[in-house]
Amino acid sequence: QAQKTIKVGILHSLSGTMAISETTLKDTMLFLIEEQNKKGGLLGKKLEAVVVDPASNWPLFAEKARELIAQNKVAAVFGCWTSVSRKSVLPVFKELNNILFYPVQYEGEESERNVFYTGAAPNQQAIPAVDYLAKEEKVERWVLAGTDYVYPRTTNKILEAYLKSKGVKSEDIMISYTPFGHADWQTIVSDIKKFGSSGKKTAVVSTINGDANVPFYKELGNQGIKATDIPVVAFSVGEEELAGIDTKPLLGHLAAWNYFQSIDTPANAEFIKKWQAFKKNPKAVTNDPMEAHVIGFNMWVKAVEKAKTTDPDKVIDALPGIEAPNLTGGVSKMLPNHHITKPVFIGEIKENGQFDVVWKTDGLVAGDAWSKELDGSKDLVADWVEKKCGNFNTKTGKCGGA
Amino acid sequence: MTTSLPVTTALLYLNGVSVVFDGFRALNNLSLAIGRAEMRAIIGPNGAGKTTMMDVITGKTRPSEGDAIFAGRHDLTRLDEASIAQLGIGRKFQTPTVFEMHTVEDNIRLSLKADRRTLPTLFARKTAAERERIDALLERVRLKDQRRRPASELSHGQKQWLEIGMLLAQEPQLLLVDEPAAGMTDQETADTADLLREIAETRAVVVVEHDMTFVRDLGVKVTCLHEGSVLAEGPLDQVSADERVVEVYLGR
Amino acid sequence: MTSDRVFNRTTIVFLAIVLAAALLVPASNLLLPPGSPLHVPDYMMPLLGKYLCYALLAVSVDLIWGYAGILSLGHGAFFALGGYAMGMYLMRQIGTRGVYANPVLPDFMVFLNWKELPWYWWGFDHFPFAALMVVLAPGLLAFVFGWLAFRSRVTGVYLSIITQAMTYALLLAFFRNDMGFGGNNGLTDFKDILGFPVQAPGTRAALFAASALALALGLLACRAIVTSKLGKVLVAIRDAESRTRFIGYRVEHYKLFVWVVSAVLAGIAGALYVPQVGIINPSEFAPANSIETVIWVAVGGRGTLVGAALGALTVNAGKTWFTGVLPELWLFALGALFVVVTLFLPKGILGTFLEAWGFRRKRPAPEIIDEDGVASKPAAAE
Amino acid sequence: MVPRPEYPVRPVALLIAFVLGVLLLAPAVARADAYTDALARFAADSFSETEAAIDGVAASGHPLAADVVGAVREGRLMVRAADKAVFIRDPDGSFRDAGTGSPAAVQGADLKPVRLNNRVRRAVEAAMGTLTLRSPDRARRAAAAAAVFKSRDASALPALEAALAAETDPAIRRQMQEARAAILLTRPEATPDQRAEAITVLRARGDQEAVAVLRNLPADAPPAIRAMAGDAITAIENRIALLRNVQNVVYGISLGSVLLLSAIGLAVTFGVMGVINMAHGEMVMLGAYTTFVVQEVIRSHAPWLFDSSLFIALPLAFLVAGAVGVLIERSVIRFLYGRPLETLLATWGISLILQQAVRTVFGANNREVGNPGWMSGSFDLLGLTLTWNRLVIIVFALVVFAALLVSLKRTALGLQIRAVTQNRRMAGAMGIRTDWVDALTFGLGSGIAGIAGVALSQIDNVSPNLGQGYIIDSFLVVVFGGVGNLWGTLVGAMSIGIANKLLEPFAGAVLGKIILLVAIILFIQKRPRGLFALKGRFVEG
Amino acid sequence: MLNVHDISLFYGASQALRGVSLEARVGEVTCVLGRNGVGKSSLMRAIVGHRPIASGVISLDGEDVSALKPYERARRGIGYVPQGREIFPLLTVKENLETGYAPLKRRDRHVPPEVFDIFPVLKSMLHRRGGDLSGGQQQQLAIGRALTTRPRLLVLDEPTEGIQPSIIKDIGRAISYLRDRGDMAIVLVEQYFEFARDLADRFILLERGEVVMAGGPKELEGDAVRDRMAI
Ligand SMILES: Nc1ncnc2c1ncn2[C@@H]1O[C@H](COP(=O)(O)OP(=O)(O)OP(=O)(O)O)[C@@H](O)[C@H]1O
Ligand SMILES: Nc1ncnc2c1ncn2[C@@H]1O[C@H](COP(=O)(O)OP(=O)(O)OP(=O)(O)O)[C@@H](O)[C@H]1O
Ligand SMILES: [Mg+2]
Ligand SMILES: [Mg+2]
């Protein structure tokens with residue numbers, strides 16, 4: 001079919017609870033596509049963005065994914081934020097054989113042929129963060145606080161196993177789950193305070209999601225928990241979230257990401273400048289999932305150029321091994337397990353709502369699809385190049401499922 | 001129903017009933033007996049407790065003290081409204097209450113004596129007998145022309161009539177009629193009196209009314225309530241000659 | 001208020017359309033070549049099937065709201081329970097094809113270290129059992145809830161709000177990963193239903209036809225109920241509940257009956273919905289979903305059954321269309337639709353249509369409204 | 001780029017040893033050398049070096065030590081990349097040479113501040129603690145004593161003793177004694193008497209930190225002392241357990257007042273007027289956004305007004321939300337009286353429109369609304385930690401409640417509102433301007449919701465979804481309390497809040513909420529018309 | 001005072017009033033008679049503004065009020081006792097009476113003493129909620145409430161319904177008193193023929209929405225009217 005343009009699907013919620021996070025990603029994609037078109041498009045054709053609104057409604061995600069692929073005939077889709085939205089669209093991508101680039105840090109335990117995971121797997125975020133706290137801050141007692149859904153559950157399972165393997169005792173780990181959008185943190189924050197006043201150095205590892213973070217941090221600040229007493233390291237709080245909080249009381253709390261806006265590299269500076277120009281807002285912030293889309297998009301462009309077609313099968317085969325520079329000075333690579341290599345940074349919150357990088361990994365860390373810390377998955381590997389399998393069991397030598 | 005109840009031959013027997021609302025005694029140790037085919041007129045000043053008494057009998061209000069025995073066996077104070085209605089006690093309210101969204105005809109149909117359980121109602125079919133009965137009732141309350149109109153469109157007096165029709169349709173053993181003549185013309189009032197007398201030949205009827213002409217037309221024993229208890233009882237002439245009744249009720 | 005016949009004209013027309021669709025849509029999808037103008041594309045099949053399930057849900061809500069005056073703001077709970085029952089069956093059908101290839105446990109249990117299948121998952125590998133649960137789970141919940149609430153004479157907004165509390169509590173419960181229903185991610189990645197792959201066009205077509213049939217039958221059942229004498233009693237209850245009692249009807253039994261029937265219909269709708277959308281997760285319990293269902297009914301025309309179904313179809317088709325065409329503005333469009341319908345089509349789409357075309361004798365206004373929009377019933381008499 | 005520091009030595013110990021040495025023997029020359037050596041380490045741009053530098057500077061006893069450490073804390077200690085020279089930037093923007101203290105003419109652009117992380121910050125705190133134990137400033141001495149208590153380092157003891165001897169302020173004396181007790185208790189060479197005394201002091205302190213110190217009693221302490229410490233721990237823990245119950249109730253009241261605030265406007269539009277107002281949450285949201293706009297304007301035009309931003313926002317939020325409410329009433333709701341269920345549909349539509357409108361205007365992201373100074377932080381009341389903003393919200397909620405109660409029950413307008421909502425037609429025949437009253441009532445309810453938005457912006461996200469988060473709870477509160485009864489709304493909100501907070505410690509946040517919802521469902525069975533049900537014959541037909 | 005000229009009124013498609021005219025003068029009682037459902041209440045609703053009229057004119061002191069809202073008419077001096085009482089159920093008796101203050105000047109804002117003279121029971125029940133009262137008590141309250149607005153035209157729709165005989169007599173006396181005071185026109189709908197006859201200075205008789213008879217006290221003396229009312 002000779003189309004004049006190459007269509008790219010953008011599947012991010014523009015309304016409902018997830019709009020807060022996802023709207024920016026839609027804009028990022030529009031920005032990237034515009035930039036690419038300025039460079040002359042792809043394969044000699046212009047790129048055309050197809051935006052739909054799945055409205056933070058999971059079945060609607062599947063419906064919209066189907067619409068993008070079947071009706072709009074997009075060449076690839078960039079989208080989703082929550083795990084459940086990804087789970088919801090998975091069967092659609094498999095059935096209609098298209099490509100999804102998923103830009104958000106997630107719980108891992110998945111590797112699908114049609115999905116490319118450009119966000120962090122737990123080993124690219126959670127474990128380095130805990131290592132940092134144990135080493136640098138001499139933390140001995142841990143509060144694992146999260147929203148009750150799969151990402152925090154899995155991450156905390158992994159962390160718990162990891163911490164215990166490092167000799168942390170059960171009574172030094174406190175786990176607490178809260179519902180989505182939890183707004184009243186008085187009790188939990190005072191529990192944390194109590195847990196942290198045992199004499200041993202205590203830190204909070206927060207997998208609290210979305211909206212609930214703002215009241216959580218506000219309560220921390222108000223109850224006078226300073227980062228020097230009990231630091232909090234978060235995996236879902238980035239520049240975007242901080243933009244809605246008065247950060248003065250949060251000075252010194254931490255976040256672990258693969259990208260921070262404050263990282264001083266030429267690539268990043270240029271990206272920020274162009275992005276702010278695109279948004280017509282000199283204060284517009286950038287964040288980690290945006291960088292993931294940047295990397296993912298560039299990888300897709302390269303793979304299409306390499307395959308000389310947008311045919312999903314060919315592009316899927318071309319993608320592993322593709323390298324694209326990230327914004328923090330390294331070069332990320334698409335791995336056979338469809339995850340990418342990323343650097344890990346720990347940043348401290350500064351008064352201006354930005355992060356001050358206090359630590360980073362030496363090189364880039366390869367994302368694990370399957371966690372080594374979990375019983376069910378330690379024998380699994382994903383390899384779409386050699387084994388053509390997302391869950392190859394090294395013990396039995398068989399590919400699971402299907 | 002197993003507790004020891006006073007033995008009585010009366011159809012309805014109120015025994016020392018008191019109703020207290022936040023300290024206000026609407027009924028005060030009221031006792032009253034109605035025979036099986038008796039008609040009784042109840043009069044008494046506004047707020048004497050006439051409607052409250054009917055509320056007690058029909059299960060709308062639980063008395064603070066005393067009991068209400070029906071047919072010598074049933075303690076009405078322990079039953080709910082539906083059970084009481086199913087025992088055979090029907091009521092016309094002081095302000096007409098009908099099913100506004102239903103047609104006049106359906107209002108009657110729903111009131112007809114029939115199995116009130118859920119599934120039988122679901123599978124109930126219209127029968128010729130039922131239709132005849134409805135026709136007869138509509139004729140009686142002079143609403144035949146209005147049968148297909150929704151009850152909400154009726155005038156105040158027409159609703160009164162409809163409610164009387166609904167009461168008749170239930171074929172209760174005991175009819176409680178609260179101010180049937182209110183808002184009726186003199187002729188209609190007389191007509192209503194005839195109707196009630198006719199019914200009372202086989203059933204018990206308790207009528208509350210302030211219209212003395214009407215009460216006289218009924219020609220039955222009269223009970224005058226005052227402040228929740230019986231003030232006087234007997235034939236109308238005797239009661240209306242009672243000084244206290246004149247004082248609190250009839251006026252000079 | 002409604003015509004006494006089960007098959008009045010609107011119902012006949014609507015049923016004919018639904019049944020024709022049950023036959024023609026799958027046929028056109030399977031038999032006609034993709035190029036043909038009459039071909040229903042593959043991606044439309046699950047979409048249309050989904051609408052039909054929503055339509056059935058709306059009919060079930062209209063049964064209780066339109067006729068018995070019970071405004072449920074928690075009907076999504078029954079829908080979701082039916083959906084979960086079906087989802088559990090579908091999960092069991094995955095067998096060893098899950099990512100961990102575990103023969104007993106669904107994937108989400110494996111990675112959260114569950115060791116054995118919880119007891120409430122037993123039996124779901126058999127379709128008949130699952131089908132029974134589709135009816136029983138929502139039915140039982142409705143029975144218990146309704147028995148308590150109607151016996152205690154909880155009515156009006158009080159009832160509405162506790163139905164909302166019910167679905168909200170279930171939402172929170174199903175979110176909990178400890179419950180063993182997959183937490184927020186819910187149940188996904190279904191493979192087979194009754195041995196047929198869920199994504200195969202044939203299965204899709206069959207599911208569509210089944211949904212259409214379920215809608216037709218559900219609608220008929222509701223018509224039969226509301227045109228019976230019981231239906232009249234329901235309307236009487238809706239208008240003057242206590243008066244109905246004084247005539248001897250046990251209001252609580254009548255309400256309980258339709259409430260359970262309605263919950264079961266919602267459950268069936270949910271069960272058909274899940275294989276077509278491919279996921280069931282706790283957000284189906286969200287109070288907002290239930291409120292939306294009520295809104296479909298209002299848009300279509302409360303107390304008309306067919307209208308409720310039409311409302312569900314209209315609003316959802318509108319949503320599909322708007323979210324694609326006006327991704328940034330569609331909420332304005334949808335919100336405006338709701339406001340316009342209330343202001344200008346007070347009887348909903350169907351009611352207004354019928355009135356305008358004189359299909360029926362004029363129905364009485366729901367309340368006696370006089371010129372400044374004032375009802376004659378005092379507000380407190382509720 | 002970023003170093004990975006390693007630490008063998010406890011810095012505070014080092015530092016205090018130094019201080020001691022300095023005080024007792026070291027000649028002035030050594031001091032100066034140690035100082036310049038330490039200063040040089042700031043240039044390394046490594047956290048461990050920085051930390052060592054702080055220790056060194058503090059230990060040097062150099063007169064500039066306190067200035068330098070203070071400058072580090074505030075990010076005012078600058079290093080010139082070219083020659084590794086270190087400068088102090090004073091708050092007025094002028095520079096001083098950190099080595100000599102003499103003014104230096106340097107270019108700001110060449111300089112980079114010494115960076116901090118949590119560990120460095122802790123070192124700064126500790127250093128400041130010891131350096132300022134005898135500061136003339138009372139607050140500084142108190143902070144210093146607290147810092148020593150926290151660091152609990154044996155080598156600070158002599159300095160502490162000296163400071164204690166000179167201290168006259170009883171409160172600070174007590175803090176210093178506690179600090180000394182904390183040190184003595186864990187010091188291996190402390191005598192049993194010293195320990196016994198320390199235990200008594202700590203027991204009197206009676207908080208979680210005291211328990212933590214007591215737990216650190218060395219295992220080789222004599223049994224009698226161990227028993228004494230054990231007793232003290234039990235005593236303190238009992239007290240804390242008791243306090244926690246009180247605390248939970250206080251938290252409950254605070255949660256209750258949030259619920260009350262969010263529900264109170266609904267108690268008017270829904271409770272009094274009978275409009276199933278699904279757009280109520282959006283009115284709250286409008287109030288919150290009004291606060292945001294007010295603060296934005298203040299930030300850019302009149303920063304000195306920031307602390308009074310909420311007082312400016314309150315009337316504005318009332319007006320904005322109230323005006324939108326009046327608009328909604330006049331354009332939509334007024335056609336729907338007598339059709340309460342249809343108001344559900346229309347207001348739902350309105351809520352969608354308002355949400356999207358705000359999203360279009362302000363963007364989908366959270367917006368920052370700051371706490372004014374007087375609302376931040378917390379204070380101690382008999383061992384309870386109460387945060388100011390919660391306290392303010394409790395008081396505020398009660399004030400709004402009282403104001404509404406008075407205006408509905410005691411004013412002519414209130415009577416007219418109630419008459420109109422009970423029988424609009426008859427009210428008209430009594431000469432009450434029904435349409436005017438309707439618009440005003442809806443506006444009032446909406447305005448109050450807007451006011452609630454101002455308060456909620458202090459504890460929650462300001463995002464287009466703000467309202468959605470409160471709508472379910474608000475309806476629950478109004479209905480639970482009994483529709484149409486303001487007192488019911490108050491008691492309903494408070495009981496739900498307190499029950500929630502009492503359940504949370506046992507059941508966890510999620511399960512606790514589920515239990516609460518089920519309890520409410522069951523409660524409604526007992527009282528089918530809410531907590532403060534309207535009684536009387538008119539209720540039943 | 002009040003002049004109703006040739007009005008007609010519809011409920012949907014059905015016509016309830018056909019060309020009805022009526023005049024009420026200050027210091028007189030005008031009675032509206034007729035059987036059930038002939039349109040008496042509809043006429044009252046038209047006068048107070050609760051139903052719009054399709055044609056004709058309603059004028060008050062020469063001013064056409066047909067298009068005014070009910071509250072505007074109330075502010076021009078129409079007081080209304082509706083059929084069915086329409087008490088505000090949740091307001092106390094006192095508050096029910098006070099709703100009548102709305103059209104009054106501040107200095108008039110008190111309950112006129114004659115209210116408690118005629119209905120002493122209200123005085124003892126000031127703090128009881130209106131909805132709790134017995135039917136007859138509510139009727140008394142409804143009349144008292146209308147008097148509180150100091151009407152110049154008092155519209156009474158079957159005011160004696162459900163009231164005990166002694167108080168009916170009092171109401172009769174009160175109506176004559178108010179008439180004789182000479183600052184008020186009174187329109188009275190009544191089915192209780194003798195009551196109406198004793199008070200009426202003029203009357204109209206409705207049948208199927210039309211005026212079939214009109215006149216003064218003399219015409220009421222005979223049986224003609226009575227017979228027509230009895231079918
Ligand atoms: N729920 C209630 N709360 C408070 N008082 C009540 C309640 N119900 C009734 N009352 C009072 O009880 C008394 C009796 O009322 P009831 O309606 O029985 O009088 P009645 O004899 O029917 O009068 P009427 O002839 O006016 O209809 C009245 O004074 C009334 O105010
Ligand atoms: N809301 C309404 N909708 C439709 N029709 C109505 C409505 N109210 C009254 N009607 C009809 O209008 C006619 C006149 O009614 P109206 O209430 O004026 O009678 P009335 O003379 O006051 O009778 P009554 O003595 O019974 O009170 C009646 O036929 C009635 O059915
Ligand atoms: Mg009575
Ligand atoms: Mg009338």
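Predicted model: local features only at pLDDT ≥ 70, side-chain atom pairs only at ≥ 80, totals over all residues.
**Entry 1: the contact of chains C and B**

I started with how many residues take part. Chain C brings 30 residues to the contact, and chain B brings 34. Next I looked up the area. About 3100 Å² is buried between chain C and chain B. Carbon and sulfur atoms give 61% of that area.

**Entry 2: charges and polar pairs**

I went through the salt bridges next. The rule finds four across the interface of chain C and chain B. I noted one of them by name: Lys232(C) with Asp106(B). Their closest N and O atoms are 3.0 Å apart.

**Entry 3: the chain C side**

Which helices of chain C supply at least two residues each to the side that touches chain B? I found α8 (229–239), α9 (241–247) and α10 (251–277). Of the elements, α8(C) gives the most, with eight residues. I sorted the residues of this side by class. There are 16 nonpolar, ten charged and four polar residues.

**Entry 4: where ligand 2 sits**

I moved on to ligand 2. It lies between chains B, C and E. I counted 22 residues around ligand 2. The closest are Glu153(B) and Gly157(B) from chain B, with Ser41(E), Ser42(E) and Gln191(E) from chain E.

For Gly37(E), a backbone N or O atom is 2.7 Å away from one. For Gln158(B), the distance from a side-chain N or O atom is 3.3 Å. I then checked how far the protein covers the ligand. Taken alone, ligand 2 exposes 630 Å², and the protein buries 92% of that.

**Entry 5: the shell by element and class**

Two elements give two or more residues to the shell around ligand 2. I have them as α6 (156–169) of chain B and α1 (40–48) of chain E. Which element gives the most to this shell? I noted α1(E), with four residues. By class, I recorded eleven polar, six charged and five nonpolar residues in the shell around ligand 2.

Technical notes:
Residues numbered from 1 in each chain as written. Chains lettered and ligands numbered in written order. Heavy atoms only, no water. Contact = heavy atoms within 4.5 Å. Buried area = accessible area lost by both parts, 1.4 Å probe. Salt bridge = Lys/Arg side-chain N within 4 Å of Asp/Glu carboxyl O. Nonpolar A, V, L, I, M, F, W, Y, C, P; charged D, E, K, R; others polar. Near = heavy atom within 4 Å. Polar contact = N/O pair within 3.5 Å; in protein donor to acceptor, adjacent residues only side chain to side chain. Areas by Shrake-Rupley, 256 points an atom, 1.4 Å probe, with all protein chains shown as cover.
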